[in-house]
Amino acid sequence: MAARCFCPSQSLVLGGGLCTTLVHTPDDSHAAVLLRVAAGSHDEPRAFPGLAHFLEHLLFLGGRRFVGEQRLMPFVQACGGRLNASTGARSTEFFFELPAARLAEGLARLQDMLLHPALEESIQLREREVLEAEFRARAADLDTLAEAALAWAVADGHPLRDFHAGNRASLAVEQAAFRHALAAFHQRHYRRGACSLVLLGPQPLAELQSLAAQLARSLPAGAPPPRGAPPELLPLRSTSLAMHLAAGLPRLWLGFVLDGQAHLEPAVGLLDWLLGDESPGSLLARLGELGLVDGLRLRLPYQHAGQGLLVLDFSLVDAGAETRALVEAALFDWLGWLLGTADWNVLLADYVAHLRRHLAGLAPLERAREWPRARGPEVEAVRALLAQLQPQRLIRLCGAEELRGAPRLAAGFTVELAEESAQPLPSRRPDWRFGVTARAGQPLLPPAGAAVELPRLSGPEEYGALFLRWRPADRAPFPALQWLLRPLAGLARKQEVELRFARLGGDWQLSLQGAGAPLPALLGEVIAALREPSAEVCAQGRRLAQAELRRQAAELPIRRLLGLLPEYLAMGELPSEPAEAVSPERIRAGWAESHWDGLLLGLGAEQRVEVGQWLSALPGTPCPDGLPLPALAEGRYRRDLPMGGEQAVLLFLPLADRSARGEAAARLLARCLEEPFYRRLRSELQLGYAVFSGFRQVAGWPGLLFAVQSPWASLEQLVGHIETFLHEVRLPQGEALEALRQALPAALEVPARLAERAAQAWQLHLAGRPLDWPERLRAALAELRHADLRAVHQALLSQAGGRWLLTAV
C-alpha cells in the first residue's frame, strides 16, 4: 500500500542511467535537490579509512567553471538557501534548497563540483584538519559513541566494526598511493549509473525533466562497480554491554541486527511512527506511567543488501538492572501484541494518511530527502521486520555516569565498555492498544460567557493554528506541565493536530496546529489539565528539571550554548535546578500571577467562537495588546560556563536600530558576512568543524549571531578571531552586493504553506512587529545604499545594541 502524495510526481531513468524522481510542488517558492551516489564508507579502500567522507568535503571545494564565491556552497548561502551532505555506509548524499528561480544555476554548480573535486595537495592538507576537528567533536558525541559500541558487538570481519570517519592519521594526503586511491574512487563511483536524483520545485514536470536531463548528460556514463554480499552480522560478539558516560541521562540502547529484510526503510518508518505515539495505551505512555522512561528514539544507522542495525534509544529514569529489564520486557510484550493482534488494515491506512500530511508540511529540502523513503510499506515487509526483533538478535547497551569499564577502540572511537550478563525478562502483559483518538467519558464543554478574541490571520476554515504565550512569575513548574501534556499531544496527533509546549526565553509557549475541527476541544483538554494538574504529575517536576539539566550536559558545547542563549537574554541568568518541589497549589498560585497573549490563524466561525470561549478560562491574565518585549540591558555581557570538552564561543549582537531600514541593512550585512566568516574561520584558520553566522531572532530580539567550536584554540583566541574578522572584513560593492540584495526578498515572502505562514506571523508577534513587517523590509531593501551597509557595520563594531557572549570552557 503506497502513500500517494498530493504533489504530481514522475520517476524515470535519464541519460541512460540516472534514476530520477521529479516532484511538482506548485505552492513552493523554493526548489530542492537531492543527489545520492551509491558509494560510501564501506566501499573505500581499507588502507585509507575516511576516504569517502574526505572526498565529499573535497567536492564542495572543487569545480572549474565555478570557483571561489561562485561555487555551490557560497552560491546557495548567498541565495539564502541551505545545503549539506552526508556520507553513509553505502551511499553519499548531496542536498540543497534555494529559490526556485535559481534552480538551474544551482544544478550547474552541482554538476561542476561532482566532476572536479579539489585534488590539489595543499587544499587536501587544509581540509584534512577540518576532518580532524570533526572527528574530535564526534568523539564526544553520545550518539556516535553508542553506535560505535553497538558496532563493536557485531561479528568479526563486518565493515561496521571498522573506522570510517577519517582523521589526520588515516588520511595520508602526503602519500602518492592515497592520492591515487582518492582519484580512482571518484572515477569509479561518481558515474551516471551509480547516481539517483530527486528534483522538487514549483516548475512544471517537463521543465524539471529538462534540468535533470542536462545534469544526467554531464555525468560520466557507466554503471556502479559490482559489490559482493557483505559479511554476516551474526554471531554477535557480545549481547549485553555497559558504557560509562561522562555526563547526561542514563540511556538504554537496544540494537537489533537484521538480515534478509526487503524494503527496510518503509517498514522502519511505520515502526518509528508507532513507537513515537504517546497517547494512552501506547508503549511510550505505559513506560512513562511506570516511571521507567522519559523518552524514546528510533534510528537506523546502518542498512545495506537486506542487512540493518536498528537502534531503540531509551532515556531512562535510572540505570538500575530492574529498570532496564522492565523496559525490555515491555518492549517485547508490545512487539508481540503488534505482530499478533494489531489490526494492520487500520494501522496502515492511518500511517498512509500520516505520511501524506507529513510530506505536505515539510519544507522543500526535507521533503526531497524523505521522498525516496516516504512510502507506505507492504504488510509483509512490516511483519518480516517485527519477526526479526527477537532477543537472539539483540545487543543491549546501557550508558550511565556510574557505570565503569575498560577503554576499548570501537569503530575508531575510544569508549569505556564492560560486558554484562543479561537479566531475565519479567513477564508482563499490559493492555496495549493503538488508535485512541479521544478521552473516555463525556466531552468537555466550553464555559458559557464572553469569548476572548485574539489577533487573527485569515486562512482556510479547515485549518487552524493557535499560539499562546505566558510570562510566568514562577518558572519552576514548566517540566511537570510539559510532562503533563505529553499524552494529550499523542491524542492530538491522532486527530491531525500538532501540540507543543516549550520554553521561549523566559516565557512558555503553547501551540496547536492542524485540522480545524478538533482544535477547540483539544484546547479545552489542555486548559483543564493545566489548571488542575494532579499531585502525581507535580511530584515529577523536580526530577524532570534535574533530568533536563543532565540531558543538556551531554550535548556538544556549541549546542548547549545555543539552547541557553534565549534564557540568558530574557532573564540575564541561566536555568538552575529548582530548590523546592512543585505542588498543585504552587502551580495554581503561579498561574494567577502570570500574563498571556496569543495569535490565531484560520478556523471557521463556529470554531473561532468555541476557541474564544475556552480562552476565557485560560489561566493567567490576558494582555490584549500583546506582552511587551522585555528590555534588553545595554552593555557588554559575558558568561564563561564550565562544560568540559572543546572550547566554544557564541556571540550575539542585538540591533541598535530596529527600524525597517535598520533591520533590512542588518539582514543584508549578515548575508555579506556569512560566507567570508565560514571561509576565514573554518577553512583558512582551521579553527574547528562547527562554524556559522547569520541574522537571527532570539527570544524576540533581532541581531547577528556568530558561533565557533574548536578542539585546539583557546577561548580568547576564538573571541579574538571573531572580532578581528568583524573589523577587517571587506564589504562587497557593486554587482556582488547587488546580487546579495536581490536574493534577500525571497526569504521575506509570505510562505505558501499554512504552517510556515503561521510560524512567520508568530515570530513577528514575538518581536512586537506588525504583520506587514516583511513587506516593509522588502521596500527598505530596495532603497538601501552601500552607506547603509557601512553604517550598520559600524554600529555592530561599536556594539551599540549590546554584546552578549557565552563561552564553554
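The questions below ask why parts of this predicted model carry the labels they do.

This is a predicted model in which local features need pLDDT of at least 70 and side-chain atom pairs count only at pLDDT 80 or more, while totals for chains, interfaces and linings use all residues. Residues are numbered from 1 along each chain as its sequence is written, and side-chain values use heavy atoms, with hydrogens and water left out.

Q: Why is Asp788 called buried?
A: Buried means under 20% relative accessible area, exposed over 50%, and partly exposed in between, with a 1.4 Å probe and protein chains only. Asp788 has a relative accessible area of 19%, so Asp788 counts as buried. Asp788 lies in helix H27 (residues 786-798); helices (H or I, at least four residues) and strands (E, at least two) are DSSP runs, numbered from the N terminus. Not counting residues up to four places away in sequence, Asp788 touches Arg661, Ala665 and Glu783, where contact means heavy atoms within 4.5 Å.

Q: Why is H1 called oblique to H4?
A: The axes of helix H1 (residues 51-61) and helix H4 (residues 121-138) come within 10 Å and cross at roughly 125°. Axes are lines fitted to C-alpha atoms, for helices over the stretch in contact, and angles run from 0 to 180 degrees between N-to-C directions. Angles under 35 degrees count as roughly parallel, over 145 as roughly antiparallel, 65 to 115 as roughly perpendicular and the rest as oblique. The angle falls in the remaining class, so H1 is oblique to H4.

Q: Which residues of H1 and H4 meet?
A: His53, Phe54, His57, Leu58 and Leu61 in H1 meet residues of H4 including Ile123, Glu127, Val130 and Leu131.

Q: What makes strand E15 mostly covered?
A: In E15 (residues 463-471), nine of its nine residues are buried. Tyr463, Ala465, Phe467, Arg469 and Arg471 point one way, and Gly464, Leu466, Leu468 and Trp470 the other.

Q: How do you know that E15 pairs with E17 and with E18?
A: Two strands pair if DSSP finds at least two bridges between them. Eight bridges join E15 to strand E17 (residues 507-515), running antiparallel, and E15 also pairs with strand E18 (residues 595-602) over eight bridges in the antiparallel sense. Trp470 has Trp508 as its bridge partner in E17 and Trp596 in E18.
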